[in-house]
Amino acid sequence: MAQHFRTEFVQIPVVTRVYTTACILTTIAVQLNVVSPLQLLYHPQLILQGEVWRLLTCFLFFGYIGFGFLFNMIFLYRFCRKLEEVSFAGSTADFIVMLLFGASLCLVVSTALIRMMFLGEALTTMIVYVWCRRNPYVRYNFFGLFTFQAPYLPWILVLISVLFGGSVIVDLVGIAVGHAYYFLEDVFPNKPGGVRLLRTPALMKRLIDGPQAEPGYEPL
């Protein structure tokens, strides 16, 4: 059993594996009172005073263990893995850049416009949104309850937040951030005069993805 679990765990794409595991371990640490949520939340003033870990930990805590936590973990794991294995297959560096862009924009919004203490749910919604826009014709089965076209999924999540008293603002921020990435990466470069603005640094690609073959190169 342990060997089977280890094999399955290792087969999870690396970014999905690391991020999901970090979220689960952080929640367990809070549940066991090893750390307090107050030590993890996003607080610009405290970050400027040296508590820079908050830039990361605010994306790792999804609340205490319960229905909401499990719901978020299912969506984070499922759609993070879908993107990493398909849209970003062989391009882990590009996937990391997408997450860094989303996280950075969430932080900017939280600092300048809407105060959010924990940003993991917004980043998860962003991941879901990007997958849905890149798979517009996929029929998504929502836990066996009903089926719909993938682009409706982010709005279904907003509706669920309304029904269960969650923060609709967090979901809307995630949708806005996801659309910003989708526009800059998939729409604007294909317009007349458009360019790709979110280029992954070449050094980062070499370090993470390894040497890339030149276009048109055919091995002997």
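**Reading the labels in this model**

Reader: Why is Ile28 called partly exposed?

Author: Ile28 has a relative accessible area of 36%, and the label covers values between buried, under 20%, and exposed, over 50% (1.4 Å probe, protein chains only); Ile28 is therefore partly exposed. This is a predicted model, in which local features need pLDDT of at least 70 and side-chain atom pairs count only at pLDDT 80 or more, while totals for chains, interfaces and linings use all residues. Residues are numbered from 1 along each chain as its sequence is written, and side-chain values use heavy atoms, without hydrogens and water.

Reader: What makes Glu51 and Arg54 a salt bridge?

Author: Their side chains meet at 2.6 Å, N to O, and the term asks for a Lys or Arg side-chain nitrogen within 4 Å of an Asp or Glu carboxyl oxygen, so the pair qualifies as a salt bridge. Arg54 counts as buried at 4%, whereas Glu51, at 22%, is partly exposed.

Reader: Why are α5 and α6 called oblique to each other?

Author: The axes of helix α5 (residues 67-87) and helix α6 (residues 92-112) cross at roughly 140 degrees and come within 9 Å. Roughly parallel means under 35 degrees, roughly antiparallel over 145 and roughly perpendicular 65 to 115, with the rest oblique, and α5 and α6 are therefore oblique.

How values were computed
Axes are lines fitted to C-alpha atoms, for helices over the stretch in contact, and angles run from 0 to 180 degrees between N-to-C directions. Helices (H or I, at least four residues) and strands (E, at least two) are DSSP runs, numbered from the N terminus.
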